[in-house]
Amino acid sequence: MADVDVTQELPLPIERPQPVTSGPLAWLRANLFNSIPNTILTLAALYLLAVAIPPVIRWAFVDAIWNADSGRACRGAGACWAFIGDKLRFILFGRFPYEEDWRPLFVVVIFVALIVASCDRRLWGRRLAALWLAGLVAVGVLMRGGILGMSYVEPELWNGLPLTLILSVVGMIFAFPLAILLALGRRSQLPAVRAICVGYIELVRGVPLITVLFMASVMLPLFLPTGMTVDKLLRAQAAFILFAAAYLAEIVRGGLQAIPRGQYEAADSLGLGYWRRTRLIVLPQALALVIPPLVNNFIGAFKNTSLVLIIGLFDLLGATNAALTDANWRGYSVEAYVFVAAIYFSFCFFMSRYSQMLEREFNKGKQR
Amino acid sequence: MTDTAIETQPGEPIIELRHVDKWFGDFHVLRDINLEVRKGERVVVCGPSGSGKSTMIRCINRLEEHQQGQIIVAGIELTADVKKIETIRREVGMVFQQFNLFPHLTVLENLTLAPIWVRKLPRREAEETARLYLERVRIPEQADKYPGQLSGGQQQRVAIARSLCMKPEIMLFDEPTSALDPEMIKEVLDVMVELAREGMTMVCVTHEMGFARTVADTMVFMDRGEIVERGPPQDFFANPRSDRTKLFLSQILAH
């Protein structure tokens, strides 16, 4: 291509008239009004928004009452946020002793800090694991007390947001490794191991979580030797772990099945052996593949913790329900549920953003 | 690649297959296979597809199990004993048709993984060795890329380097150039010829007859699960004895 005759006159390219491609108007035309059906849909959507949004804003902000001493003083057309203000402490921490408020508050802070720290890739590995271990020990000590001059608080009174976080976070931490073992076991060459894993997964998956919780809270004590008691919270926690593990195991198995045989053979031919092959080659790839369904399941498990309400544990939702029974503040359940929904949502939204970050991180190697 | 054959002084037998039989279900893939490979010997296995060549070399590091007969590698007989299998696999490198690099690890990590975890080398030492071998397969600049970012030929060279980092006694090649675009075959074969020059014991399943002529001490021709013919390449190419070998050679060398 070096000897193109540049002196030769080339015909000038004829400029094609360019449509307007920038500016808000062009954007609107390209995205919202680019065809007749789209135009109709856009107009219909605009109409619905116009009908729906102003009343919501009026209820939530304009007509809302932010300060009131009791439910009666709060009656009006708008939301009664005064109720949340009054009950905030109870919704978040339930019946935990009032004078010890700082302890559950600190627990929530620890959880949030741990979760945020997990986002930092530089910390991944032993340091993060150590951080989590220390964090969870601190959570246990803060909730339980009895040492370091803190008064003992029985698990019955661990309510509200800390309970929700303990059940879900501790649940996932234990359920996930168990799920990996179950998934590996289900693909094992050993018939006995395989049978146990298949049996476990199918049995637990076939039963509603509520049933598992009931069994843990009502039936289990019947089977234990007399005099031996296991705390109700611990039983619920165990039920959660066992239940979540069965679901997660199937997701992990899906990832395992997607790993080509060549990867196993390459690892084998290097003499890695089963466990190193699994840990270094198979699992990192398999888990990266199933991040979306895993996080989906984590989100589900997080919200499922609200079912402990049924066996008499006061998690975030349970404490909210309890707050609603105050005779002084009758009839503000919408405000209460909107508030807890916002709390649940912020945690779930964070999880979903986190999973997107992880996916980007793990897909680096696949881009050419 | 040059046409002058590489000289060797074969030593002790390092791979021995004695009366090996294998079935896939009812299909008899390997029939009474007897093969001896000496230290430093280069064996090229050829034959039509489905003849059991790949299965045979995959039996040598027990990626496939044989059902009858004996396979002895570096003095150890292959049985169901996992410890022995892992010992043998440490000494036997394998290069696959589909490269089978670990896509979630960088090239350097692919190379250092087994030395660090299996040979227990310190990371720094493993990385030094890895860079040395990347140099030798002529892609030192790709160390920090991921396998997916390399061409097929580069990936296969990384795969060869990955095996070499374990300092194996024996290298097995299972159709290493069959999945490559034609223009990349040479770069891989060049690396293999160099390896042969250095005296590596090699068993290669390949259709590259030019390569076979250059490096092979022994040609092995397989058909329908049997070793039909074997011998030094001069004889093998010039005067094949069996009709099946003649037919195969005429088909593969026709153009």
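What follows looks at a surface patch and then at a pocket.

This is a predicted model, where local features need pLDDT of at least 70, side-chain atom pairs count only at pLDDT 80 or more, and totals for chains, interfaces and linings use all residues. Residues are numbered from 1 along each chain as its sequence is written, chains are lettered from A and ligands numbered from 1 in the order in which they are written, and side-chain values use heavy atoms, with hydrogens and water left out.

A nonpolar surface patch of about 1,100 Å² has A:Trp27, A:Phe33, A:Leu49 and A:Trp66 among its members. Helix 1 (24-31) and helix 2 (36-62) of chain A each give two or more residues to that patch, and helix 2 of chain A has the largest share, seven residues. (Helices here are DSSP runs of H or I, at least four residues, numbered from the N terminus.) A:Leu49 sits in helix 2 of chain A. With a relative accessible area of 47%, A:Leu49 is partly exposed, a label for values between buried (under 20%) and exposed (over 50%), using a 1.4 Å probe and protein chains only.

Now for the second largest pocket, with about 1,100 Å³ of space. Helix 6 (160-186), helix 10 (261-269) and helix 11 (273-289) of chain A, together with helix 2 (82-91) of chain B, each give two or more residues to its lining. Helix 11 of chain A gives the most, six residues. The pocket has 31 lining residues, and those nearest its centre include A:Gln189, A:Tyr264 and A:Arg277.

How values were computed
Patches are made of residues with over 30% relative accessible area and no salt bridge: like charges are joined within 9 Å, nonpolar side chains (Val, Leu, Ile, Met, Phe, Trp, Tyr) within 5 Å. Accessible areas come from the Shrake-Rupley method with a 1.4 Å probe; for residues, only the protein chains shown count as cover. A salt bridge is a side-chain nitrogen of Lys or Arg within 4 Å of a carboxyl oxygen of Asp or Glu. On a 1 Å grid over the protein atoms alone, a cavity is a set of points where a 1.4 Å probe fits but cannot get out, and a pocket is an open set with protein on both sides within 12 Å along at least five of seven lines; lining residues have an atom within 4 Å of a point. Grid points are joined across faces, edges and corners, and a volume is the space filled by probe spheres set on the points.
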